[in-house]
Each structure stands twice: as structure tokens, then as C-alpha cells.
Amino acid sequence: MTTAPLDKAIPLGRLRLGHSAVFWLGFCAVTVLLIAAPLVLPEFWRRFLTEVLIWGLLAMSSDLLIGYTGMISFGHSAFFGLGMYGAAGALLMVSPPNLWLAILLGLAGAAGAALFVAFFSTRLRDIYFAITTLIFSQIFYVIIFTWTAVTGGENGLIFTRPHLTIPLLYNARFTSTTLHWFVLAVVAGSYLILHRITQSPFGMVLQSIRENESRTRAIGYAVERYKMMSVMLSGLFAGLAGVLYAIQNEFAAPDFVYFLTSGDTVIYNVLGGIGTLVGPIVGAGFFQLARQLLAQAFGDQFPYLIPLGLVFIATIIFLPQGILGFARRWLNR
Amino acid sequence: MGALGQFFHAIPFDLIIIQTVNGIVTGMILALIASGLTLIFGIMDVVNFAHGELFMLGAYIGFVVFVTTGSFWLALIGASLIVAILGAAMQIVALRPLIGRDPLNTILATFGISLVLQNYALWQFGPVVRKIPEPISSQFTLFYLQYPWYRILITVLSAAIIGGFWLYLKYGKLGVWIRATAQDRVMAQAMGIPVPWVYTGVFAIGAAMAAASGVLFAPMVGVSHTMGLDWVLKAFIVVVVGGMGNLAGSIVAAIFISLLEAYATIWVDPSQAVIVSFVVLILTLLFRPTGLFVATPR
């Protein structure tokens, strides 16, 4: 918020490009890099990168709440998990498993959870919102954990990956490369949609709720309705991330509905920079990479959350804008 | 008449009385945890996400002190003191720099602290559940059960700690400072009250209460690194239902919710009885969003 306004065009060599040209150039460059990545990376890191993209999508969805509407959600695991179990349900019930049906049912599951949370939690502000989202996600966890007949309880559900189908055009098994491209396409598309949403008049109202809720209300906006919409949208994208995760790993487990997933999501946001949309993806990458490297250096049993938790606390105190915070203003134009 | 008699016959009165006693016992422990939480919120506007971890750490330190000295009461006092010091250090290092910033920052910071503490406990003690034996093992007969006196003792001790704390708030020097700071921070500072240190003191007291409840409760359930989250969730529900920052409201809400959960376990599985407290929370949010005991602002 303290960055100087960047109204002038950014000089790029001798060319003087406008803001949107630089934005699209940057977007294309990163996308091309991510498209090329699985062709050069070994299998392990290919998987890793795909997973980071999925966590990034989850983090990005919660950034809509934390960064743009000013509400911290500690319950994103519920949306993620419901997306996961929705996809699992579609893949197990319909044969042959259909990719698009899985996405549809996953989104429906997440939307159901989001509607529930939105209806009750948006009556509350700040901390009350944070606490109630946490409690609601725990409700979903208890239900999924104890309703063994449907959800498989502690063991979760195991299923096979659907084919990558584009009706009338394409139908083949997922390879790790095409899966990566598919995930990348979904995440990049989601980014563009979310970016567009935050720049729309609707997104502006969300940001004004963040800055001054009572004034927004006084101007005449139905704040509650905007908050509910924001939670719903956020939940949908989190559910999409859950679907992708389910497809990548071919299982749904109650662990992902547990509070830890929500906590990780918040960490990604804070580390990467809230209110930037790309920051949370970077944060997710940083977190997962650090975790991986720590595990490789000190063994699997190493409590990686101790050093990362300390980094997290230090970030809040000394670098509240996160890694990409310096670019926040520029990214939101 | 016969139908009515049958109806009364179907109600398990003995079970209900047993569960009433159980509910009051857990309710008082919960009240002790929640009163620390609500105290910290009411005075500092900080939602202490790490409160459950202080409870858990208290239980672990109590376990360590008990193993080395063999005395439960030393464990209780030692754990409270050590966790109080830890709480003060936490407040000075992580929360003091955040005074004046958006209150959401403090939630995030305490969340970070809870992560570190929980993983430290897991790393240090492993996933094995540790047990502290009950300091008094005598029992009395309650219907067909041998009910341990220790549970009654916990209830009395929790009530005594809360009561003592309440008296201290009313008459003690720091207590008066705390109340003054809660009423008007700027004015209190102008009168020469060291407000930052009052904050530290409040945090230390809240932490000590969490640790004390951890040690008191350990003989009933065992000590594990995940006990923090379960209990802090319940404490949050209690604090929201009782009204944030309302000490008396939290105590009543703690007993109320624990009783409901205890009754629910007569008919359903304990893991599903948790849903009852969630339902209470949802109903409270729907009809009295500021808590049962605070007038809803129109």
C-alpha cells in the first residue's frame, strides 16, 4: 500500500510499453515457462510443480477473501475437501469416469459448503469470521470422518484417473505432462478470471469493504450480499483446486479437510503477499520448495513447520506485504 | 397414566445425573481455558490462536515436572509458571510489534506461534499419548459407578482459580491496572499505567490459566500434541456464545455447552456429540450474533 503510484509507462529498453502490454507479456512469459517446464524437468519435480500450481490455485482463491475483501478464512480446507470428495463421487459412481462430470460435481460440492459458510459467517466481522470459518470446516471434517459408509471415513476414497477428454476432439489417458498442462490451463484461466473479477466494479466494492466497511454500507451497497458472493466465488475456486488435487493423486482423504490445509493456505498468502493473486502462488511454491528441501536435508521426520512457522511470524512482523508485496499496486491496475 | 409412567421410565435418570456431573467437570475446565482466552481478547483485542497450544504445552511441562519430581502439585505450579513466562516472551517478541496494526495481523501471528509450538511438541515428545496419574485415587459410589473424587477436585480447583483471578482483578494492583486499560487505554497511559507491560501481564496470566487447566485435565484424557486444537475450538465456541470479552458469560456458556454435549453422549457417539456445540454456535450466530449475554446492538 505504500508503493509509489506507477502511473507512468514502464520503460522497457527503448520500447515504452503500456501497463497492460507489460502485464500480458509477463503473463505469457511465465505461462510459456510453465508449459515448457515438464518437458525438461525429471518426473519428481514435474509432479512437484503440478502440485504447487494446485496449491497456488487454492491460495489464490482464499486471497480473494483475505487480500481483497479483508476477511481471513481459516476454513478453506472445507471447500477444497468438498471439491475433492465431489470429484471422487462422480468418478466412482459413473463408469467410465468422466473428467468434466468430476469437475462439475466437485464444484457443486464446494458450492454447497460455501453457501453454508457464507450464509452464517458473513454476518460476522474480522476475528469472528475467522473463527467461525474454522469451526465450520471442522464440522465438515467431523461429518466426513465419521460418515464411513459414504466417505470411507479415515481411509478415504480411492479411484482411477479419468481420461482427458475434449468432446469430439480428443480422448486419451493423462500422462504426467498432459496432466501438468491441464492443471496449468485451469490455474491460468482461473487467474485471469479472478484478476478480471478483482478489477471489475464488483471487485472494487469488495476492496472498499476491506478498506472501510461502514462507509461502504453508508454509500448504499448491500455489504452482506457482496461478502456472500465473495465467499461463494472463493469457495468455488478452492473446490476447483480440490478437484484437480483429487485427479492428480487419485484419492480423497479426510486429512485434506482438516484444519492443517486451511492453515497452509493462509501461510501461502502471507508469505507470497496478500492482495496480489500471483503472490499466493509464489508463496505456495516457496513453502513447498522449502519443505521439500528441508526434508531432503534433514530427513522426512524433520519438523519443517518449526522453521517455516518462524519465517511466517517474521514475515508478518517485518514484511507484512509478503514477497510480492512491492508489486501489489502495479498488479492491481 | 400408564403412558406417562412409561415415558418417565424410559428416561435414564441415573445416566442423566452421571452425565450432569461429567458435564460440570469438563465445563469448569473449559471455563478455565475460555476465561484466559476471553481475558486476552477483552483487554488486548487479540484473538489468541495459540491458546490451545499453551494448554497443551502446560500439560506436557506438567508431565515432565511430574516425572522428575513425582509431585502433581509441583507439576501444576511449575507448568503454570513456565508457561506464564513463555506467554510473556511470546507477547513481547511477536505481538508487541503488532500493536496499532490491523487486528487480523495478531490472529496470523498467534496462528504462526501455535504451528511452531505444536510441531515442537510433536518433535520433542513424539505422537505417543503421555499420562499423568491422578494425585488422589479415592472414589465414591455414584449409582453403579465408582466416581473418582479427583474430578470433583478439578471442578473445585478450576472454580477457585477463576474466583481468585476475579478477586485479583477487583482488588489487586495489577488487576485495577488491567481494568483501567480495558476501559480506556489512552487515559490509563496518561495516568501513568505502563500499558505495554499490562498487556504482557495479561497475556502471561491467560497463558498460566491455560497451562493450569492443561495439567488439571491431563489425568483424565492423557497428553498429546493434538489436544490443543480440539480444546481451543471448544473454547472459541464458548467465547463466541458467551460474548467476546465477557468473563461471566464464558463461564456460563462453558458449562452450558459441556452439559449439552454430555447429555448428547447418552444417545450418540462422543465424536458426533461435538456437533451439538456446533449447533449451539450456529443458533447463537443466527439469533444473537454478539453472544447470549451481550445485548445485540440494533
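This is a predicted model: local features need pLDDT of at least 70, side-chain atom pairs count only at pLDDT 80 or more; totals for chains, interfaces and linings use all residues.
## Chain A overall

Chain A contains 14 helices and six strands. Its C-alpha atoms occupy a box of roughly 55 × 50 × 50 Å along the principal axes. The radius of gyration of chain A is 20 Å, which agrees with the value near 20 Å for a compact globule of 333 residues.

Of the 333 residues in chain A, 45% count as buried. Among contacts in chain A with a separation of 6 or more, 76% come from residues 24 or more positions apart.

## Chain B overall

Chain B has 12 helices and two strands. Along the sequence, these elements of chain B run in the order α-α-α-α-α-β-β-α-α-α-α-α-α-α. For 298 residues the globule rule gives 19 Å, and the radius of gyration of chain B is close to this at 20 Å, so chain B is as compact as a globular protein of that length.

The C-alpha atoms of chain B fill a box of roughly 70 × 55 × 35 Å, again taken along the principal axes. Of the 298 residues in chain B, 47% are buried. For contacts in chain B between residues at least 6 apart in sequence, 74% join residues at least 24 apart.

## Contact between the chains

Where the two chains meet, 33 residues of chain B are in contact with 29 residues of chain A. On the side of chain B that touches chain A, the elements giving two or more residues are helix H5 (103-125), helix H10 (227-242) and helix H12 (270-287) of chain B. H5(B) supplies the largest share of that side, 15 residues.

By residue type, the side of chain B that touches chain A divides into 28 nonpolar residues, five polar residues and no charged ones.

## The nonpolar core

The largest nonpolar core has 185 residues. The members that touch the most other members of this core are Ala87(A), Val83(B) and Ala211(B). Helix H9 (residues 195-221) of chain B gives the most to the core, with 16 residues. In soluble globular proteins, nonpolar side chains tend to be buried together.

The surroundings of Ala211(B) can be listed. Leaving aside residues up to four places away in sequence, Ala211(B) touches Leu54(B), Phe55(B), Leu57(B), Gly58(B), Ala79(B), Ser80(B) and Val83(B). One of these, Val83(B), is also among the residues that touch the most other core members.

## Helix H2 of chain A

Helix H2 of chain A covers residues 43-69, 27 residues in number. From its first C-alpha to its last, H2(A) reaches 38 Å, close to the 39 Å expected at 1.5 Å a residue.

H2(A) is mostly covered, with 19 of its 27 residues buried.

Glu250(A) is a residue other than glycine with a positive phi, near 60°. Glu250(A) sits in the loop between helix H10 (223-249) and strand S6 (251-252) of chain A. Because 14 other C-beta atoms lie within 10 Å, Glu250(A) is partly exposed.

Leu277(A) also has a positive phi without being glycine, with a value near 65°. The loop that holds Leu277(A) runs between helix H11 (259-272) and helix H12 (278-298) of chain A. Leu277(A) counts as buried because it has 28 C-beta neighbours inside 10 Å.

Phe202(A) belongs to helix H8 (residues 201-211) of chain A. Phe202(A) is partly exposed, because 14 other C-beta atoms are within 10 Å. Phe202(A) and Phe256(A) are 54 residues apart in sequence, and their C-alpha atoms are 31 Å apart in space.

In chain B, Phe256(B) lies in helix H11 (residues 247-267). With 18 other C-beta atoms within 10 Å, Phe256(B) is partly exposed. Phe256(B) and Pro127(B) are 129 residues apart along the chain, and 32 Å separates their C-alpha atoms.

How values were computed. Residues are numbered from 1 along each chain as its sequence is written. Chains are lettered from A and ligands numbered from 1 in the order in which they are written. Two residues are in contact if their C-beta atoms, placed from the backbone, lie within 7 Å. Helices (H or I, at least four residues) and strands (E, at least two) are DSSP runs, numbered from the N terminus. Ala, Val, Leu, Ile, Met, Phe, Trp, Tyr, Cys and Pro count as nonpolar, Asp, Glu, Lys and Arg as charged, and the others, Gly among them, as polar. A nonpolar core is a set of buried Ala, Val, Leu, Ile, Met, Phe, Trp, Tyr and Cys residues joined through C-beta atoms within 7 Å. A residue is buried if 20 or more other C-beta atoms lie within 10 Å of its own, exposed if 12 or fewer, and partly exposed in between; C-beta atoms are placed from the backbone. The expected span of a helix is 1.5 Å times one less than its number of residues. The radius of gyration is taken over C-alpha atoms; the globule rule is 2.2 Å times the number of residues to the power 0.38.
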